[in-house]
Amino acid sequence: MQPRNMSMSGVVDLAAVKAAGEAKAKAEQVRAESARQGGSAAVPPSALVIDVDEAGFERDVLQRSAEVPVVLDFWAEWCEPCKQLGPLLERLAVEYNGRFLLAKIDVDANQMLMQQFGIQGIPAVFAVVAGQALPLFQGAVPEAQIRETLDQLIQVGEERFGLTGIAVDADADASAPAARPAGPYDALLEAAMSALDAGDLAGAVQAYKNVLADDPAHPEAKLGLAQAELLTRVQDLDPGAARKNAADNPGDVAAQIAAADLDLVGGHVQDAFGRLVETVRRTAGEDRDAARLRLLELFEVIGVDDPRVTAARQALARVLF
């Protein structure tokens with residue numbers, strides 16, 4: 001299956017009339033067959049988020065998309081922005097109560113799917129509706145925008161393809177194991193995540209700093225602070241203008257630093273690192289220090305154990321010494 005080249009802004013033109021009609025007819029056939037066999041059973045909230053691989057894509061995504069829009073979250077363990085977006089999408093999947101199904105796809109383990117969808121950077125989010133694929137968004141996106149996109153997606157599924165979602169049994173997870181006891185910093189970390197979800201980046205930064213004030217080496221707080229500060233830096237940037245400025249002014253260190261921040265938020269980790277290593281190579285004095293320090297900050301966002309950080313550290317050492 002090759003995804004259609006569509007954007008959310010043109011979602012009302014999801015497909016040509018003929019293709020849309022065929023997809024709707026197929027979805028109706030699937031639902032009719034399901035009804036003949038007694039209908040689909042209600043699922044627990046935990047079943048609204050599934051892991052999908054290449055072997056199960058036909059069954060878990062294409063077939064399921066005949067009854068409910070399936071949102072695809074392309075992610076990887078090394079992708080720090082994915083670790084912010086993923087839990088948000090999972091929470092929304094439960095909150096929307098069966099109006100869409102969230103399918104998580106690890107790109108490292110499913111390179112073929114990544115190639116078929118033409119993904120250039122992660123996190124990347126697509127949807128499949130009645131067998132029709134469309135891109136939703138890429139990179140870090142505010143929760144309000146994600147909700148608006150999901151609402152449009154659900155409306156299209158209902159109006160164009162008759163998708164009414166799947167039934168959810170809210171009590172089915174009652175027997176699940178109890179949550180682990182709260183740790184000493186869980187409340188502060190939860191406050192930071194809630195602030196991020198609400199778009200309150202300053203609140204998130206402060207919450208992480210509150211943890212680090214007591215435990216300077218706390219790994220989750222250090223990572224969260226680096227991510228929140230990165231998002232704070234890019235929130236008011238015009239991506240197109242910033243990238244053009246960097247391209248037009250290769251010697252402007254501030255422009256290269258801003259573009260590197262955008263690269264990282266968009267999931268283009270190696271581009272961000274390479275841009276700053278090259279900036280360090282070309283500069284001296286305070287300019288060199290500024291580029292070097294920002295590169296070290298971006299290492300914290302990705303994580304010091306990531307192999308791309310190791311490679312970039314080696315490249316940095318070569319241009320410094």
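In helix 11, Val269, Gln270, Phe273, Val277, Val280 and Arg281 meet a set of residues from helix 13, namely Arg308, Val309, Ala312, Ala315, Leu316, Val319 and Leu320. Sorted by type, the residues of this contact come out as 10 nonpolar, 1 polar and 2 charged. Bear in mind that this is a predicted model. Overall, the protein has 13 helices and 5 strands, and 45% of its 321 residues are buried.

**The helix 11 and helix 13 pair**

- Helix 11 covers residues 269-282 and helix 13 covers residues 307-320; their axes come within 9 Å and cross at roughly 10 degrees.
- Angles under 35 degrees count as roughly parallel, so helix 11 and helix 13 are roughly parallel to each other.

- The 5 strands make an open sheet, with mixed pairing and the order 1-3-2-4-5.
- Strand 1 (49-51) and strand 5 (132-138) sit at the edges, each pairing on one side only.
- From one strand to the next, the twist averages 25 degrees.
- Strand 1 pairs with strand 3 (residues 101-106) in the parallel sense, over 3 bridges.
- Val49 has Leu102 of strand 3 standing opposite.

**Helices on the sheet**

- Helix 3 (residues 80-95) lies across strand 1, strand 2 (70-75), strand 3, strand 4 (124-129) and strand 5, and runs at about 155 degrees to strand 3.
- Helix 5 (residues 143-161) packs on the sheet too, where it touches strand 2, strand 4 and strand 5.
- The direction of helix 5 makes about 170 degrees with that of strand 5.

**Nonpolar cores**

- The largest nonpolar core has 28 residues, and the ones with the most contacts inside it are Phe57, Val61, Leu72, Phe74, Phe117, Ile119 and Ile122.
- At least two residues of this core come from each of helix 2 (57-63), strand 2, strand 3, helix 4 (111-116) and strand 4.
- Leaving aside residues up to four places away in sequence, Val61 touches Val52, Gly56, Val70, Leu72, Ala103 and Val128.
- There's also a second, separate core of 26 residues, and Leu264, Phe273, Leu276 and Ala312 are among them.
- Two of those names turn up in the helix pair as well: Phe273 on the helix 11 side and Ala312 on the helix 13 side.

**Contacts along the chain**

- Of the contacts in the protein with a separation of 6 or more, 72% are between residues 24 or more positions apart.

Technical notes:
Residues are numbered from 1 along each chain as its sequence is written. This is a predicted model: local features need pLDDT of at least 70, side-chain atom pairs count only at pLDDT 80 or more; totals for chains, interfaces and linings use all residues. Side-chain values use heavy atoms; hydrogens and water are left out. Axes are lines fitted to C-alpha atoms, for helices over the stretch in contact, and angles run from 0 to 180 degrees between N-to-C directions. Helices (H or I, at least four residues) and strands (E, at least two) are DSSP runs, numbered from the N terminus. Angles under 35 degrees count as roughly parallel, over 145 as roughly antiparallel, 65 to 115 as roughly perpendicular and the rest as oblique. Contact means heavy atoms within 4.5 Å. Ala, Val, Leu, Ile, Met, Phe, Trp, Tyr, Cys and Pro count as nonpolar, Asp, Glu, Lys and Arg as charged, and the others, Gly among them, as polar. Two strands pair if DSSP finds at least two bridges between them. A nonpolar core is a set of buried Ala, Val, Leu, Ile, Met, Phe, Trp, Tyr and Cys residues joined through side-chain atoms within 4.5 Å. Buried means under 20% relative accessible area, exposed over 50%, partly exposed in between (1.4 Å probe, protein chains only).
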